[in-house]
Each structure stands twice: as structure tokens, then as C-alpha cells.
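Subject: Structure handover: pocket, ligand and cavity

Hi,

My notes on what was found follow below it.

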Amino acid sequence: MDRNPPELSLDLLAEPLLKYYGLRGNLTSLNSERDQNTRVDTSDGTYLLKVCNVDEQPEVIDLQIKALRHIARRDPGLPVPRALPTLDGRDTALLEAADGTNYTVRLMSFVAGDTIRSHPELDTPALRRSSGAMLARLDLALRGFFHSAADQEHPWAMTHMPKLLVYTEHISDSDARRTVEAILERMRDETLPRTSRMRHQVVHQDAHTGNLVIDPVHPTEIAGIIDFGDMVYAPLIMDLAVAIDLTGRPSLSPEGLFDVAIGYDAVLPLEEDEVDVLIDLVLGRMAMTAAIAAGRNALWPHVPAYHDHEVQMWQQLERVSSAAPDLRIGLRRALRFPMPIDGSVDSVQLRADRERVMGERSPHFYEKTLHLERGRGVWLYGADGRHYLDFYNNVPTVGHSHPHVVNAVSRQLAALNTHTRYLYNNAVEYADRLTTTVANHLDVCLFVNSGSEANDVAWQISQVVTGNAGLLVMHNAYHGITQAGIDMTTAKGLERARHVEEIPAPDDYHRAITTPAEATSDTESAIAQLRSRGIDPAAFIVDSAMCSSGIPAVPDGFLGAIASTVHAAGGLVIADEVQSGFGRLGAMWGHELLGMRPDIVTLGKPVGNGHPLGVVITSRAILDEFQAQVRLFSTFGGNPVSCAAGLAVLDVIDREDLITNSRTTGDYLRERLRELAATRPLIGDVRGKGLLAGLELVTDRETKAPATTQTLELLELMRENGALVGKDGEHAHILKLRPPLVTTQAHVDVFIDILDRSLAEVSI
Ligand code: PMP
């Protein structure tokens with residue numbers, strides 16, 4: 001606590017300067033808290049001569065010198081002082097004062113310029129961003145530096161700040177004292193234990209506004225960081241908390257701190273838990289300053305007051321402390337972190353805002369809006385602090401926010417994102433990898449951005465290559481939102497387009513099993529209908545999972561029979577694998593499992609685990625014929641980031657053996673569902689393959705009457721009980737389960753329990 005800097009007369013310094021450093025110059029005293037700093041102007045440059053505090057441990061002086069050397073090696077351009085050796089190559093020299101005291105002396109290069117503190121009028125957002133960026137650069141340069149003295153007990157060490165509680169009794173204003181004590185206690189009990197798990201390294205810990213030098217030519221930029229006397233090993237985030245320095249910026253609006261964080265984050269990205277404690281640490285540092293100032297003023301009343309703007313300091317502390325909750329949210333926004341899931345965000349207001357800016361009819365799944373801000377694996381996390389078992393979303397097929405996909409996308413986004421008119425590695429690597437998973441004749445890819453687009457392009461290809469205009473689809477099919485997709489979609493009750501004919505879907509729950517011969521004859525009738533209107537078939541498209549047709553069991557030979565009939569009539573066969581692809585049915589592709597040989601395969605949804613990507617896979621001959629007539633280019637399709645996502649998904653499917661898991665966990669799921677059906681009569685039928693399951697809900701097992709209202713009620717109840725499911729089928733009475741492929745049997749058990757409890761609550 002005792003500052004006690006040496007106060008040697010400048011005359012005494014001239015001799016050692018010449019003797020040890022060969023320098024002669026004009027000496028000027030500078031301010032310092034613990035050392036005696038002297039500016040030395042010589043004919044060939046300016047230096048800083050430091051006479052160290054007698055109480056300073058030699059190891060601590062060594063730490064400072066070694067750290068500056070380390071920085072100079074790691075980032076030679078970083079504008080910080082350089083530690084300069086004596087003429088005979090030593091780090092320090094000894095100076096004996098008249099009273100016999102030996103002082104350690106060292107020399108550094110001088111970083112010239114005015115500090116932010118001396119020019120508050122220059123403290124602009126740009127300058128604050130620059131200060132954050134410069135500090136981050138310094139922290140990067142200090143990375144990997146080690147010194148045994150770096151865990152020194154320093155009065156300004158934030159990690160020790162609760163010790164300052166002994167000085168708060170000297171704060172005369174009782175409100176201010178209580179505020180400071182509350183902050184320091186929160187530090188001790190909550191914040192510091194949290195920071196102990198965060199990134200640590202040796203940090204500067206004193207880059208406040210008084211130690212950041214403004215560039216005299218470009219006053220929106222920082223030209224240097226000085227004063228390496230407070231370095232310690234500490235949580236990295238503390239360095240930023242000090243640099244924000246709202247005590248030294250007494251009139252700055254607290255939101256101004258975001259600028260420093262933004263600048264820092266752009267150079268050295270912050271982690272989410274660090275961002276969450278930053279506001280508390282900023283308050284902690286303000287409380288420390290107040291406690292140290294009060295302690296020093298009480299212990300050494302003759303020494304000038306530590307802060308000359310005390311009233312403003314208290315006002316600033318009060319402002320920041322009362323704005324803290326908003327500042328935490330604002331900081332997340334400024335750094336583009338998602339909103340927290342601790343119940344601090346008002347979902348009702350958000351819903352109203354959404355209606356205002358996205359329209360009143362933008363759909364919600366649930367009566368009571370489900371506000372989600374996080375996902376991991378099979379779990380989704382609500383802003384209300386609750387978690388939900390996700391048995392609905394088939395897009396994050398390898399699990400929500402799978403770390404490998406996150407890394408792949410982030411790394412590629414940080415490196416390059418362009419489009420397929422340029423050559424880059426990963427589009428080729430991805431196309432190559434993807435085509436090895438399908439039959440040999442399917443050997444080329446076209447990249448688009450969604451399942452709808454993939455189907456649209458497949459339809460264009462079919463028309464160009466066959467010269468025909470007719471389309472065959474399953475009854476109650478869904479294939480997308482473009483005009484071609486809408487024409488292919490028979491699930492929405494729209495009038496069928498003139499060039500479209502339907503083939504009945506199999507349904508062995510309500511009818512008999514459809515034989516291949518029946519499928520052939522149904523297809524022939526549909527083709528005959530088209531031909532009666534003068535149209536020949538260009539394509540047959542089918543979702544191998546037949547989701548919107550109610551996830552029926554597809555009999556052996558059913559799709560093969562349709563495909564041969566379509567081929568014989570001159571049409572192409574398109575396997576829409578948007579739902580069924582990537583292992584959903586317990587095999588890599590649904591068409592492969594169902595024994596159908598397509599000419600075109602379309603992919604969407606799970607391809608990028610949530611990153612938008614659609615793919616059309618076909619044969620070289622078909623693509624050549626199409627490209628000879630049509631030049632097709634999609635700006636975003638197959639961009640490097642999408643391809644990185646696609647590759648990472650394939651990596652995870654392989655590494656985690658997810659197709660096997662889809663099969664075994666899917667079978668276990670159906671087994672448990674059938675067990676449940678024994679006691680829950682609402683369950684009429686259990687079907688599906690792999691991790692796609694359909695549960696037909698009926699009000700009467702004899703008549704098999706659809707339990708449409710109960711299905712809706714069940715969906716809401718399950719959400720309340722912590723699981724998300726969907727519904728499908730012509731009467732919206734088929735519960736659709738499509739959990740991520742990382743679902744385990746233990747997750748299934750949790751799910752069955754929730755389903756059972758929810759079924760018990762449904763009104764019959
Ligand atoms: N095909 C099928 C079978 C689908 O289920 C969907 C989406 N539900 C699509 C195509 C359309 O995909 P997207 O929503 O990505 O356009």
C-alpha cells in the first residue's frame with residue numbers, strides 16, 4: 001500500500017547514466033506510483049531511467065525486464081518500452097545514494113506522447129477501440145511468457161481484491177461505502193471463483209487511461225502502452241477490465257466501455273464466460289480504486305489525494321452499478337454473442353417486437369411461444385432457463401452446435417468465403433467425398449442453398465434432359481417452396497398443376513400392403529393420365545421417408561417398381577433425400593435402403609447441420625447434357641463455408657458411427673414406444689426406420705379415427721414437460737419424431753417418460 005517512491009536528486013543520476021549507459025542528456029522528473037522515473041533527452045534519442053523502489057523484489061524487476069524482452073521478440077513492432085542493457089550487457093545497475101542505500105537502476109526506450117487521461121476530449125469511440133485492440137495485441141505478445149515472480153502479491157492484483165475490504169471503513173460516505181463493500185463481496189463470493197476457470201496468462205494489468213499514449217498524428221489511435229510495473233499472472237479478462245477504466249473516464253457514459261471490448265475482441269476474441277464477468281470486473285476495479293484511495297488517504301493524509309475528481313468517481317460508480325444488468329446484455333449485443341439463458345430476457349416483449357418487424361402471421365410452433373437461445377447435442381435451451389429434449393429437429397443431425405461443425409465453419413469463415421466461380425479446395429473435396437457415399441453412376445454435384453432449390457434444379461434438369469414436361473409425385477408429398485416445389489407438393493390441398501399426377505402412397509395400417517405389381521399399375525395409370533393431356537413424364541420425385549404422407553412403412557420393391565415404370569416411360573427418377581438422407585433411416589440414404597436407383601438425388605436440411613446448403617447429385621452424362629443447354633450458377637451454393645460444414649457433418653457421421661446408432665437407437669425407440677402403446681390407447685400405430693419414427697394417434701383403435709385435436713394438445717403438453725416433437729400426415733395426427741442421430745438409449749428413456757406423462761394428461 002505504501003507508495004514510497006525513491007526521491008533522488010537528478011544531479012545524482014547523471015553519473016550512473018554516463019558510466020553504465022554511456023548517455024549524457026537533459027533529465028526531467030516524471031510521475032510514478034512506486035519507482036522514480038526520469039526522462040532522459042540525449043542528442044540521439046529519448047530514454048526512461050528507472051530507479052526502482054527499494055522494497056521491490058529483484059525477481060519482480062527481472063520479471064519486468066524479461067517480459068519486455070519476450071514482447072520484443074514476439075511482436076517487434078508493438079509500441080512498448082524496450083528494456084536496454086548496460087554498456088557491459090547487464091540488465092540493471094546499482095546506484096549508491098549518499099545515505100548508503102543501494103538502488104537498482106535500469107534504462108528503457110521512451111514511448112513519447114500524451115495519455116488518454118490527460119486528453120479526455122480525445123477519448124472517442126475510435127480511440128477506445130484502438131486501445132482495446134492494442135491491449136489485445138500486447139496480451140497476444142505476452143502469451144506463453146512465464147516467470148516465477150508472476151504470481152506476486154501486488155496491491156493492484158485483481159485476484160486479491162477482497163483483501164481491500166479492510167480499507168472500506170475509511171470511505172466516509174456511507175452509501176458509497178456500502179456500494180464498494182457489496183461489489184468486493186460479490187467479487188469474493190461469485191466473480192473471482194468464476195474467473196479461476198478462465199484463460200490465465202501474465203497480463204499488463206495497468207493499461208488504464210493514464211498508461212495509454214495517443215498517437216499525436218492520428219489521435220484516434222493508440223501509439224503506445226507504458227508502465228509494466230503491475231504485471232501478474234491472472235485471468236486474461238482482467239487486463240481488459242482494467243483498460244476499460246471508467247474511474248479514469250468519470251464523465252463517459254458507461255456504454256462507452258463496449259468500444260474498448262469491441263477493439264479487444266477483434267484482435268483476441270473473447271470467450272462467452274469472460275464476457276459474462278466483464279461488467280462485474282469493471283465494477284470490481286472501480287471499487288478497488290476507491291478502497292485503495294481511501295486506505296492511502298487515511299494512512300498517509302499528507303500525501304495528495306489519490307483521485308482529484310472524487311465526486312465524479314462516486315457518481316460514475318453508482319451509474320455503472322445501477323446499469324449493470326443492461327450493460328451485461330448490451331455487451332453481449334455489441335460483441336454479437338447470443339442472448340443469455342438465465343431468464344433475464346423478456347420473451348413476451350420479444351414476441352411483440354417480432355410481430356412488429358416480422359409480421360403478425362410469422363408462424364410459431366406453440367401456443368406459448370418457445371424462446372430458444374442455445375442448443376447442444378440433443379438439447380435445446382430456452383431463454384426461460386429450461387432445457388428441452390429435441391425429438392423434432394432433423395436439421396442438426398449430428399447434434400446442435402456440434403463442436404467439430406462449429407470449428408469447421410468458424411475456421412473457414414475466418415479464412416475465406418467466396419463462390420464456385422473461383423477454384424478452392426473444399427468444394428472439390430466435398431463433392432468427391434459426397435459422391436463416394438452414393439451409387440457409382442451418381443458422380444457429380446451441383447451446390448445450391450436449400451432443399452427447395454435442389455428440387456427446383458433437379459426438375460429443370462429432368463425437363464431439359466428428357467425433353468418432357470410431366471411430373472409424377474406421391475400422394476400427400478412435400479418438396480419445397482419454389483414454384484417447382486409447390487407443383488411437386490400435394491400435401492397442402494392446393495389444386496394440382498396440369499403437368500402433375502399423383503401415385504398413391506403405401507398405407508398398411510389402414511389398407512393392405514401395396515405389392516410391387518400394384519405400384520407398377522398405379523404408376524402406369526398416372527402416366528396414362530398425363531399422356532391423356534398430351535404430356536410425357538420428365539420425372540418422378542419421392543421423399544424416401546414419405547414424411548408428409550405419414551411416415552408409412554414402404555413395402556419391399558415398392559419404389560423399385562415405380563422407378564422402372566417411370567424409366568420405361570422416358571422419365572428420370574429423383575430421390576429427395578432432404579428428410580431421409582445422412583443416416584436418418586439407419587442407412588446413409590433412404591433410396592438405398594428402399595432399393596431404388598435414382599438418376600438424381602437432392603439433399604437439404606441435415607447437409608450442413610443447420611448451415612444452409614442444398615446439393616443435387618447426378619451422373620456426369622446427365623449433367624453434361626444439362627450444362628450444354630443451361631448455364632446454372634448459384635451465388636452462395638457451395639461456398640467454402642457451406643462446404644466446410646458439409647465436410648464436417650460427414651466427418652462426424654463417420655467418426656461417431658452415427659448410422660449404426662440411428663439403427664440401434666431407433667429400434668430401441670420403437671420398442672419402447674410399442675411398450676407404451678400397451679397402456680396408452682391413443683397410440684394406434686408405431687412405425688418408421690432408424691431415428692425417424694411415426695406415431696399414428698387415434699381416438700378409437702377399431703375405427704382408427706384420427707386424433708387430430710389430441711395430437712395438437714399432446715404437442716403442447718410435451719413442450720411443457722420438456723420434449724419437442726412434430727406432427728404430420730393428412731389429418732395432422734401423426735406424431736413425427738426425428739431426434740439428432742447422437743441420441744442415446746438414455747435419451748430415449750427420458751423421452752418415453754415425458755411422452756407417457758403427457759399422454760396421461762391428454763383429454764380424451
Ligand atoms: N423436400 C422435403 C422432403 C422436405 O421435407 C423439405 C422441407 N421440409 C424440402 C424438400 C424443402 O427444403 P427447404 O425447406 O430447405 O427448402
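A polar contact here is a pair of N or O atoms within 3.5 Å; within protein, one must be able to donate a hydrogen and the other to accept it, and residues adjacent in sequence count only if both atoms are side-chain atoms. This is a predicted model: local features need pLDDT of at least 70, side-chain atom pairs pLDDT 80 or more, while totals for chains, interfaces and linings use all residues. Numbering runs from 1 along each chain as its sequence is written, and side-chain values use heavy atoms, without hydrogens or water.

Ligand first. An oxygen atom of the ligand sits 2.4 Å from an N or O atom in the side chain of Ser-452. Gln-579 places a polar side-chain atom 2.8 Å from a ligand oxygen. For Gly-451, a polar backbone atom is 3.0 Å from an oxygen of the ligand. On its own the ligand has 400 Å² of accessible area, and the protein covers 82% of that (Shrake-Rupley method, 1.4 Å probe). Residues around the ligand (a heavy atom within 4 Å) include Tyr-478, His-479, Asp-543 and Lys-605.

Next, the second largest pocket. A pocket is an open set of points on a 1 Å grid over the protein atoms alone, with protein on both sides within 12 Å along at least five of seven lines; a cavity is a set where a 1.4 Å probe fits but cannot get out; lining residues have an atom within 4 Å of a point. Volume is the space filled by probe spheres set on the points, joined across faces, edges and corners. This pocket holds about 1200 Å³. Of its 40 lining residues, Tyr-392, Tyr-478, Lys-492, Lys-605 and Lys-736 are the closest to its centre. Domain 3 (350-397 + 657-764) and domain 4 (403-655) both contribute to the lining, so the pocket lies between them (bounds from an automatic or database assignment).

Last, the search found one cavity of 30 Å³ or more. The largest cavity has about 40 Å³.

Best wishes
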